[in-house]
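Here is a short report on one protein model. Look at the structure first, then read on for its contacts.

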Amino acid sequence: MWLDVPVRFSPALLPLAGWILLFSLARSRGRGWRDSFILSLVGWGVWIWIATEVQSLTVGLRPTAALLFWLGTTGLLAVVAWRGHRRKRDGGFAWSLAPLLPRDRASFLLSIAIAIVALMVALIAAVCPVMAWDALAYHLPRIFYWVQYDSIAHFPAANHRQLFMAPWPAFAQLQHYLLAGSDRLANLLQWLTMVASVITVSAIARDLGAGRRAQVVASAFTISIPMGILQGSTALTDYVVACWLTVFAYFVVRRLCKSRLDSLDRLATGAALGLAVASKGTAIPLVIPFLVVYATVELRHNLTKPAGWWRVAAVGSLALALNLPHMVRNYEVFGHPIAPLAHRQLVGNESFHPRYLISNLARHSFAHLGTWNEDHAEPLMALSNRLHDGLGIEDGDLANSHKGQALWIPSISRSENTTGNPLHLLLYLFCAFLLGRRILRHDNRRLVVYGLCLASGVVLFVLLVKYQYSISRLHLPLFVLASPWAATTLEKAISPRVALLTGWVLLIAALPYLVLSESRPLIGSENIWRTPREKLQYWWEGSYEPAVNRIAMRMRRRDVRTFGLVSNGEMLEYHLWHALRDQCEIVPRIENLSPDGAGGNDLGLPSQLTSAPLFVIRFVRTLPPDGFDLLDQSYERIQQWSFVPLSVYRKTRIQ
């Protein structure tokens with residue numbers, strides 16, 4: 001059964017057990033349940049980073065090593081937590097569920113609705129296989145290569161995104177893969193970080209001055225974000241980075257509320273900053289305004305004193321330490337700590353002229369305003385055209401457009417790549433208007449500072465990131481960060497009842513995205529309950545299914561242990577890895593290769609093969625060549641082994 005979780009998955013629960021132990025340890029020290037949750041979340045994130053980096057540098061990425069690491073560290077933490085609880089119990093400390101439950105009925109019912117939505121997303125994530133394009137192309141394949149090479153060091157790859165992309169989400173999925181021996185639950189990382197974000201935004205709202213009801217509303221705003229609901233059941237990374245950004249924002253707001261943070265909170269602040277950047281590069285423009293606020297508050301009364309500078313340096317140093325190993329690996333291969341030049345030119349704006357900023361502000365916003373009818377977008381398209389005519393640039397200018405993509409406002413879609421968040425965008429703009437009318441009130445200072453951080457983050461994001469058709473996906477962290485600010489503003493500017501009603505409206509409006517996802521619908525003729533899991537996996541491109549399964553079967557019969565792979569970097573490599581793991585007792589090694597004379601097919605690093613393999617698989621969507629030369633050997637296409645888009649070649653002779 002697809003819902004039957006084998007016993008062999010139980011070791012994968014060790015990191016979760018460690019998280020629970022960290023939470024209980026924080027609670028035993030007298031912290032509130034949300035504060036304990038957030039602090040333990042940061043500790044868990046750093047724990048996963050340490051586990052991966054240490055295993056890679058010492059014993060290698062092996063299941064036994066991972067199991068021993070997690071058993072040892074979790075066992076040690078269990079002893080520490082038990083001793084802490086025993087001391088607190090002797091001192092009269094007792095846990096209570098009362099702080100977990102909203103006191104008024106309306107907030108309680110909204111909390112129940114939030115929990116139901118979260119559980120439904122979790123069910124979808126558990127039932128469905130890995131389906132997102134990015135996960136199939138590079139997020140999951142990089143994990144399989146790491147295990148093959150027994151290291152997280154860079155390796156020869158046609159798809160460079162398997163190398164330079166921020167590594168923390170892959171670290172978490174790698175630990176799960178090593179412990180469970182499967183990637184079946186890879187989607188749950190996004191769901192876990194979605195739930196963590198829902199809890200964290202309520203704590204931010206509390207510190208911004210929201211009452212209990214508005215704190216629940218902040219969680220409702222977050223979990224009802226259409227893009228968030230769709231991404232929460234995938235193996236993408238945008239909710240992961242949203243989670244760490246909200247955690248960092250939480251500590252910044254805490255610093256605004258308190259005269260100073262204790263040492264543990266200060267360490268957690270730096271770790272949250274580092275984990276955000278280590279999760280996705282798009283975190284950088286969004287985190288800068290909050291970092292500036294944190295540094296300003298720390299140095300406001302200590303500008304000439306070493307203590308303030310030490311506190312700021314400690315946060316920055318810890319964040320840098322969590323990213324330095326990966327940055328070094330990138331620099332050694334690509335000559336840049338973040339990404340190769342080609343990728344920076346592909347996704348980063350090439351001009352910072354104000355007209356390009358205005359162009360991107362308009363297009364990034366309009367991307368969220370699609371309705372059920374594409375004709376409704378015509379006025380916005382006409383407005384965009386007039387705006388670009390006035391600016392003297394083209395809509396689709398390569399300087400600020402990914403691959404020259406012009407503005408596209410799709411009708412309401414239920415895809416995790418293109419869906420917009422129209423109601424949330426309009427709500428946040430309305431809240432900005434409300435706050436602007438009350439900006440000088442003393443009780444709104446934290447709200448104003450937080451709102452300025454959001455606005456600055458938006459400006460930096462559109463200034464640095466090119467417009468693309470799937471730009472709304474990259475906006476998810478912004479919408480999550482804005483939720484506690486919007487809920488608090490509504491409560492203060494209008495009333496808690498209006499805020500609560502708005503939360504219900506957004507939750508109800510989000511139900512179609514939960515039930516009728518484009519690729520993972522709960523109802524209909526092709527719902528996830530009736531569709532075989534294997535068919536769901538090949539939802540993006542069904543032609544892979546017969547190709548990889550037949551090739552894997554022939555590889556098993558021939559007992560092939562190593563073969564070459566020639567690709568242009570756009571292949572969904574996960575499908576090949578999955579088929580080989582399913583059909584071969586010993587998974588063959590896959591070595592990325594570049595044909596002789598290919599020139600532009602850069603693998604980042606030279607192949608580690610010392611001799612040409614007997615078989616080579618080549619990814620070709622059009623007519624494949626009958627043969628080619630590789631490592632001074634000639635290869636000839638095997639017609640019976642070739643299935644679009646993959647062709648298999650065999651070594652024929654020595655030149």
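At 22% relative accessibility, D150 counts as partly exposed. The terms have cut-offs: buried means under 20% relative accessible area, exposed means over 50%, and partly exposed lies in between (1.4 Å probe, protein chains only). The partner of D150 is R62, and their side chains meet in a salt bridge of 3.1 Å, N to O. A salt bridge here is a side-chain nitrogen of Lys or Arg within 4 Å of a carboxyl oxygen of Asp or Glu. This pair links distant parts of the chain: R62 is in the loop between α2 and α3 (63–90), D150 is in the loop between α5 (133–149) and α6 (161–164), and they are 88 residues apart. R62 is partly exposed too, with a relative accessible area of 46%.

## How the model is read

This is a predicted model, where local features need pLDDT of at least 70 and side-chain atom pairs count only at pLDDT 80 or more, while totals for chains, interfaces and linings use all residues. Residues are numbered from 1 along each chain as its sequence is written, and side-chain values use heavy atoms, with hydrogens and water left out.

How many salt bridges does the count come to? It comes to 21. Side chains of opposite charge can pair when their charged atoms come close.

R31 lies in the loop between α1 (14–28) and α2 (33–57) and D265 lies in helix α12 (residues 263–277), so the pair ties together parts 234 residues apart in sequence. Helices (H or I, at least four residues) and strands (E, at least two) are DSSP runs, numbered from the N terminus. R31 is buried, with a relative accessible area of 18%. D265 is buried as well, at 3%.

R473 and D238 form another salt bridge, at 3.4 Å from N to O. R473 sits in helix α20 and D238 in helix α11 (residues 238–257), so this pair joins parts 235 residues apart in sequence. R473 is buried at 8% relative accessible area, and D238 is buried at 1%. Salt bridges that share partners also join D35, R206, D207 and R254 into one network.

## Aromatic pairs

The structure holds 24 aromatic pairs. Rings of Phe, Tyr and Trp (its six-membered ring) pair if their centres lie within 6.5 Å; planes under 30 degrees apart count as stacked, over 60 as edge-to-face and the rest as tilted. W408 and Y469 form an edge-to-face pair, 5.6 Å centre to centre, with 75° between the planes. W408 lies in the loop between α17 (378–391) and α18 (422–437) and Y469 in the loop between α19 (445–464) and α20 (471–474), so the pair ties together parts 61 residues apart in sequence.

F628 is buried at 9%, and Y649 is buried at 0%.

Is strand β3 (residues 615–619) mostly covered or mostly open? It is mostly covered: five of its five residues are buried. F615, I617 and F619 point one way, and V616 and R618 point the other way. The charged end of R618 sits over the ring of F628, 4.8 Å from its centre. That label needs NZ of Lys or CZ of Arg within 6 Å of the ring centre and within 35 degrees of the ring normal. Three bridges join β3 to strand β1 (residues 562–566), and the two run parallel. Strands pair if DSSP finds at least two bridges between them. V566 stands opposite R618.

Helix α25 (residues 573–583) is mostly covered, with eight of its 11 residues buried. Among the buried ones are Y574 and W577. These two also belong to one aromatic cluster, with F144, Y145, Y149, F155 and Y177.

## Cysteines

How many disulfides does a search of the whole structure find? It finds zero. A disulfide is a pair of cysteine sulfur atoms within 2.5 Å. For C431, the nearest cysteine sulfur is that of C453, 17 Å away. C431 is buried, at 0% relative accessibility.
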